[in-house]
Amino acid sequence: MNVAPLESSDSFYVAAVHVLQEARIPFLVGGAYALRHHTGVVRDTKDFDVFLAQSDLQPALEAFRAAGYHADIAFAHWLAKVHYAEAFIDLIFRAGNGLCDVDGTWFRDNRVVELMGAKVELVRAEHMIWQKCYIQERERFDGADVAHLLLRCADELDWDHLLECFGPDWRVLLSHLVMFGFIYPAERNLIPTAVLKGLLSRATAETGLDEADAKLCQGTLVSRAQYLPDIERWGYRDARESGRSKINGAEIEAWTNAIGKERAWA
């Protein structure tokens, strides 16, 4: 089936929304569109981020193919893509580090907005913060997005849920909260005192070394490239293989090979 010519990338995105809605596939809009609605930050983008449960990925791909679009899995552990001309849609069911699964909690209390004439639900700010806190590559660091989300949404955040999302990775959240206080010294009061003090107390109290953490590098959870020397040269264990990340050895290799031949440490 051939796709009728569309006037623009935006027309493609609207058509894609209708494909998912007609197929009755639950989805959320994230990326630049959600960031704009949550923070007011406007960013030009040639892609469109759609978040859905992994169980809905294959039905979504089949719906797009039936509608005439080229749709395939880009990385089996987190991402598929739908293409039209130079534009594409990312179908995301977890983060690239194998964490942050899109589950039922993602579909509660979402903001409904009109996107070019279509009614859609946005990814909640809590879940955007959760995923973006882990993106710390040399070529892409989402710390500014996190700071803007905190600045504009702090009063509305479900802080208990945000802490629950990070779980054992609470230090990742703490690092961004500390930076927020540096970036916006006059807005430090936006971060609940109980949240910040609670995390700082945990950091202060956690002085001993758990034997399970010996020679463990969790840097691979925030950058797929920059901590390769630790794994490949210095004998550290890759935290993605510790059992928490939903990514296997072959998927780690494919994700690493996609970086290109040049290593961040070369």
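These legends walk through several close-up views of a predicted model.

**View 1. Tyr69 and Tyr84 form an aromatic pair**. Let's start with the rings. A pair of aromatic rings is described by the distance of the centres and the angle of the planes. The structure holds 14 such aromatic pairs. In the one shown here, the ring centres of Tyr69 and Tyr84 are 6.3 Å apart and the planes are at 75 degrees, an edge-to-face arrangement. The pair links distant parts of the chain, 15 residues apart: Tyr69 belongs to the loop between helix 3 (57-66) and strand 3 (70-75), while Tyr84 is in strand 4 (residues 79-84).

**View 2. Helix 5 and helix 7 cross each other**. Two packed helices are described by the angle between their axes and the distance between the axes. For helix 5 (residues 143-153) and helix 7 (residues 170-183), the axes come within 10 Å and cross at roughly 75 degrees. The two helices are therefore roughly perpendicular. Which residues meet here? From helix 5 come Gly143, Val146, Ala147, Leu150 and Leu151, and from helix 7 come His176, Leu177, Phe180 and Ile183. Seven of the residues in this contact are nonpolar, two are polar and none is charged.

**View 3. Helix 4 is largely enclosed by the rest of the structure**. Helix 4 spans residues 125-133, and nine of its nine residues are buried, which is why it counts as largely enclosed. Look for Trp130 and Met128, but also for Glu126 and Lys132, which are among the buried residues. What covers them? The cover includes helix 2 (31-39), strand 2 (47-51), helix 5, helix 6 (159-166) and helix 7.

**View 4. Helix 2 is mostly covered**. Seven of the nine residues in helix 2 are buried: Gly31, Ala32, Tyr33, Ala34, Leu35, His38 and Thr39. The buried residues of helix 2 pack against helix 1 (9-22), strand 1 (28-29), strand 2, strand 6 (112-115), helix 4 and helix 5.

**View 5. Two charged ends sit over rings**. The charged end of Lys215 sits over the ring of Tyr236, at 3.9 Å from the ring centre. In the other example, the charged end of Arg224 is placed over the ring of Trp255, 3.7 Å from its centre.

**View 6. Asp238 is a buried residue**. Asp238 lies in strand 9 (residues 237-238). With a relative accessible area of 7%, Asp238 is under the 20% cut-off, so it counts as buried. What does Asp238 touch, leaving aside its neighbours within four places in sequence? The contacts are Leu216, Cys217, Thr220, Ile231 and Ile252.

Terms used. Residues are numbered from 1 along each chain as its sequence is written. This is a predicted model: local features need pLDDT of at least 70, side-chain atom pairs count only at pLDDT 80 or more; totals for chains, interfaces and linings use all residues. Side-chain values use heavy atoms; hydrogens and water are left out. Rings of Phe, Tyr and Trp (its six-membered ring) pair if their centres lie within 6.5 Å; planes under 30 degrees apart count as stacked, over 60 as edge-to-face and the rest as tilted. Helices (H or I, at least four residues) and strands (E, at least two) are DSSP runs, numbered from the N terminus. A charge sits over a ring if NZ of Lys or CZ of Arg is within 6 Å of the ring centre and within 35 degrees of the ring normal. Axes are lines fitted to C-alpha atoms, for helices over the stretch in contact, and angles run from 0 to 180 degrees between N-to-C directions. Angles under 35 degrees count as roughly parallel, over 145 as roughly antiparallel, 65 to 115 as roughly perpendicular and the rest as oblique. Contact means heavy atoms within 4.5 Å. Ala, Val, Leu, Ile, Met, Phe, Trp, Tyr, Cys and Pro count as nonpolar, Asp, Glu, Lys and Arg as charged, and the others, Gly among them, as polar. Buried means under 20% relative accessible area, exposed over 50%, partly exposed in between (1.4 Å probe, protein chains only).
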